[in-house]
Amino acid sequence: MGINERKSKETEIRKNDIIDAAERVFFEKGYERATMDDVAGQAEFSKRTLYAYFESKEQIYFEIMIRGYRRLIGLLEERLARRFDGAREELREIAATYYEFSGTHPHYFRAIVEYENSVDDFQNKIPDASRDQCYALGEKALGFVKAALKRGVGEKAFRSDLAIDRTTMTLWACMLGIFGTAQKKKGYIENFYGIDTESFIRDGCLLLIRALEP
């Protein structure tokens with residue numbers, strides 16, 4: 001291994017150590033309350049060392065979202081590897097996979113959702129490479145929904161006048177609302193309405209899918 005290759009590997013290891021530490025801090029304290037001092041303490045580095053590898057707290061947050069998106073995409077690829085009997089079934093599987101991810105990786109899911117719903121654009125202190133990679137992975141994750149919608153239109157299972165991009169974003173927003181309600185109001189839904197969480201999510205997704213039909 002040459003000197004340059006060794007330095008590059010050491011840099012990557014150091015960056016991953018910092019991201020690991022930031023995850024523990026952000027996930028415990030929340031992004032807004034966490035500071036670079038907190039991250040430096042958790043990583044056992046000086047704050048100056050952190051800034052030698054990352055330009056801002058926002059950039060580290062993007063790196064965490066990148067990790068989350070990669071896990072989500074891996075799960076989607078695994079679940080969608082089999083053939084489905086039509087776009088409706090495929091879309092239901094995508095929704096189920098998103099919800100599974102929200103349960104198995106709640107911190108990553110929350111990081112992605114909180115960014116999507118934030119009033120801050122998080123762009124001023126983000127290097128182009130970090131921002132572009134994060135956006136590309138986000139689009140790849142949504143691409144599974146777009147593909148299912150296009151398939152449904154081709155099968156005439158969904159309306160031919162659907163605007164695929166707009167419909168994808170609408171479905172994403174609606175699914176987040178359903179998932180959030182299922183998680184935050186689980187006891188209320190089960191005790192007051194007698195509906196278990198899985199049924200609530202299944203019925204909600206079915207209602208969305210039916211809205212796409214001719």
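## Exercises on helix packing and burial

Helix α7 and helix α8 pass one another in a right-handed crossing, that is, the near helix is turned clockwise from the far one by less than a right angle. This is a predicted model, in which local features need pLDDT of at least 70, side-chain atom pairs count only at pLDDT 80 or more, and totals for chains, interfaces and linings use all residues. Residues are numbered from 1 along each chain as its sequence is written, and side-chain values use heavy atoms, with hydrogens and water left out.

**Exercise 1.** Describe how α7 packs against α8.

*Solution.* Let's start with the general idea: two packed helices are described by the angle between their axes and the distance between the axes.

- Step 1: α7 spans residues 128-154 and α8 spans residues 164-184; their axes come within 9 Å and cross at roughly 120°.
- Step 2: That angle makes α7 oblique to α8; angles under 35 degrees count as roughly parallel, over 145 as roughly antiparallel, 65 to 115 as roughly perpendicular and the rest as oblique.
- Step 3: Now look at the side of α7, where the residues in contact (heavy atoms within 4.5 Å) include Leu142, Val145 and Leu149. Their partners in α8 include Ile164, Met169, Leu171 and Trp172.
- Step 4: Sorted by class, this contact has 8 nonpolar, 2 polar and 3 charged residues.

**Exercise 2.** Work through the packing of α5 and α10 in the same way.

*Solution.*

- Step 1: The axes of α5 (residues 87-104) and α10 (residues 197-212) lie 10 Å apart, at an angle of about 140°.
- Step 2: α5 is therefore oblique to α10.
- Step 3: Their crossing is right-handed.
- Step 4: α5 brings Arg88, Leu91, Arg92, Ala95 and Tyr99 to the contact, and α10 brings residues including Ile201, Cys205 and Leu206.
- Step 5: The classes here are 8 nonpolar, 1 polar and 2 charged residues.

**Exercise 3.** Which residues of α2 are buried, and where on the helix do they lie?

*Solution.*

- Step 1: Within α2 (residues 36-43), the buried residues (under 20% relative accessible area) are Met36, Val39, Ala40 and Ala43.
- Step 2: Viewed down the axis of α2, they fall within an arc of 100°, so they line one face of the helix.
- Step 3: After α2 comes Glu44, with a positive phi near 60°.

**Exercise 4.** Is Tyr108 buried or exposed?

*Solution.*

- Step 1: Find Tyr108 in α6 (residues 106-116).
- Step 2: Its relative accessible area is 8%, so Tyr108 is buried.
- Step 3: Leaving out residues up to four places away in sequence, Tyr108 touches Glu23, Phe27, Ile64, Arg67, Gly68, Arg71 and Phe101.

Technical notes
Axes fitted to C-alpha atoms, helices over the stretch in contact; angles between N-to-C directions. Helix = DSSP H or I, 4+ residues; strand = E, 2+ residues; numbered from the N terminus. Nonpolar A, V, L, I, M, F, W, Y, C, P; charged D, E, K, R; others polar. Buried < 20%, exposed > 50% of the residue type's maximum accessible area, 1.4 Å probe, protein only. Arc of directions from axis to C-beta.
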